[in-house]
Amino acid sequence: MTEILQANSDGIGQAAELLRAGSLVAFGTETVYGLGGDATDAAAVASIFAAKGRPRFNPLISHYPAAAAAFEDVVPSGIARRLAEAFWPGPLTLVLPRKAGSHVSQIAAAGLDTLAVRVPAQRDALRLLAAVNRPVAAPSANRSGQVSPTTAAHVLAGLRGRIAAVLDSGPCAVGVESTVLDLSGARPVLLRPGGATAEAIEAIAGPVEIGAPPAATDVLRSPGQLASHYAPSLPVRMDARGAAPDEALLAFGQPCQGADLVYQLSETADLVEAAARLFDGLRWLDAKGTRHGARGIAVMPVPERGLGRAINDRLRRAAAPRD
Ligand code: TXA
Ligand code: MG
C-alpha cells in the first residue's frame with residue numbers, strides 16, 4: 001500500500017515521521033518528484049535502489065533545507081558558495097568533496113569520495129526537509145530507465161505498492177531535473193544539463209566544461225549519464241520536420257503536418273513552458289499512442305539554448321538505441 005499524503009501540516013508531518021523511521025516517501029520538488037529516504041540510514045538507501053531497480057553504482061543526490069546544512073556534509077569551494085548563494089534554493093546540484101565526518105551512507109554515494117548536494121526550491125519540500133532534519137537521498141521517483149515523474153499520479157504509475165507514501169504537492173514547476181555541476185576538480189564540469197541554465201551558471205562561475213558523454217567501457221563520471229534513459233515504450237525520433245500518420249507528435253510551436261495525435265509542449269515556443277510539460281507529454285503520447293497503434297513518437301526541433309539544452313538532453317536519451 002502506498003499512502004497519498006496531502007501537502008499540509010499533517011501530511012508533511014506524517015511524511016517526515018515515515019522518513020525518520022527508515023521508510024520511503026516520494027515528494028514533489030520544483031524539478032521532478034524525488035524518491036526520498038534517510039540518507040544516513042544504509043537500509044533506507046538500499047531500499048531506494050531496490051524500489052527503483054537502480055544500479056548500485058549510480059550515486060544519489062542528498063537534499064537539504066538550507067545551504068548551511070548541505071555544507072556540513074561537503075567541503076564547499078569559493079565557487080560553490082557563490083553558486084549556492086545565487087541558485088539555492090533552486091534546480092542546481094553541486095558535486096563536492098565529501099567531509100570526513102559526513103553521516104551520509106556510503107551506499108548513497110556509491111562509494112565515491114564526492115557527494116552531490118542540493119537545496120530544492122519547493123515550499124513543501126523545504127518544510128519536509130526541515131522536519132526530517134537529516135539529509136534526504138532522493139533520485140527521481142520513477143523506475144530506473146523510465147520517464148521522470150512531474151505529478152503524484154506519475155509516481156504512483158511506477159511505484160505504487162513499492163513505497164510507503166507520496167506527498168502530493170501538485171505538478172512540478174520546472175519539470176526537468178536539476179543541473180549537476182561537478183566542483184570537485186580544478187575546473188567546474190557540467191555533468192547534466194538541467195533546470196539551472198549553463199548561461200546563468202557561467203555568469204557566476206565563469207566558463208564551465210561540458211562533461212563528455214562517457215564511453216560505454218569507462219567508469220562513468222556521472223553514472224546517470226547512461227545513454228538510454230527517460231525511455232517511453234514507443235521509439236522516439238528527434239528533429240522531426242513532419243510526422244507520418246501513424247506517428248504521435250510532440251509539438252513545439254506551430255505543429256508540423258501529418259500527425260493526428262499531438263501533444264503541444266508550448267504553442268508560443270516558450271522553453272520554460274516546454275520543460276514543465278516535457279515528461280507529461282512523453283508519458284501521455286506513449287500511453288495514447290500505444291492504445292491507438294502508433295509506431296513511434298516524432299519530436300519537433302527544440303533550440304539548443306537555455307532550458308532547451310536540458311530538454312534536448314532528455315529527448316536524446318529517450319531516442320537513444322536501447323539494448
Ligand atoms: O532534480 C533532481 O536532481 C531530482 C530531484 C528529486 O532532486 N533528482 C534526480 O536524481 O534527478 P537522479 O538520481 O535521478 O539523478 C542524479 C544524478 C545522476 O546522474 C547521478 O549519477 C548524479 O546525479 N550524481 C549523484 N551523485 C554524484 C556524484 N557524487 N558524482 C557525480 N554525479 C553524481
Ligand atoms: Mg533519474
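1. T2 sits in the segment before β1, a strand that spans residues 3-6. The model is predicted, and the values below are computed from it. T2 is buried, because its relative accessible area is 6% and the cut-off for buried is under 20%.

2. The side chain of T2 has polar partners in the backbone. A polar atom of this side chain lies 2.7 Å from the backbone nitrogen of G161. For the backbone oxygen of I163, the distance to a polar side-chain atom of T2 is also given as 2.7 Å.

3. What else does T2 touch, leaving aside residues up to four places away in sequence? The list is L156, L159, R160, G161, R162, I163, A164, A165 and V166.

4. Which strands does β13 pair with? One is β15, residues 296-299, joined to β13 by four bridges and running parallel to it. Here L250 stands opposite V299. Another is β14, residues 262-264, which is also parallel and has three bridges to β13.

5. Now the ligand site. There are 26 residues around ligand 1, and T31, R54, N58, H63 and S178 come nearest. By class, the shell has 12 nonpolar, nine polar and five charged residues.

6. T31 places a polar side-chain atom 2.7 Å from a ligand oxygen atom. N58 has a side-chain N or O atom 2.7 Å from an oxygen atom of ligand 1. T114 has a polar side-chain atom 3.0 Å from a nitrogen atom of the ligand.

7. How much of ligand 1 does the protein cover? On its own, ligand 1 has 690 Å² of accessible area, and the protein covers 97% of that.

8. Which elements give two or more residues to the shell around ligand 1? They are β4 (61-63), β6 (114-118) and β10 (189-192). Of these, β6 gives the most, with three residues.

How values were computed: Residues are numbered from 1 along each chain as its sequence is written. Chains are lettered from A and ligands numbered from 1 in the order in which they are written. This is a predicted model: local features need pLDDT of at least 70, side-chain atom pairs count only at pLDDT 80 or more; totals for chains, interfaces and linings use all residues. Side-chain values use heavy atoms; hydrogens and water are left out. A residue is near a molecule or strand if one of its heavy atoms lies within 4 Å of it. A polar contact is a pair of N or O atoms within 3.5 Å; within protein, one must be able to donate a hydrogen and the other to accept it, and residues adjacent in sequence count only if both atoms are side-chain atoms. Accessible areas come from the Shrake-Rupley method with a 1.4 Å probe; for residues, only the protein chains shown count as cover. Ala, Val, Leu, Ile, Met, Phe, Trp, Tyr, Cys and Pro count as nonpolar, Asp, Glu, Lys and Arg as charged, and the others, Gly among them, as polar. Two strands pair if DSSP finds at least two bridges between them. Buried means under 20% relative accessible area, exposed over 50%, partly exposed in between (1.4 Å probe, protein chains only). Contact means heavy atoms within 4.5 Å.
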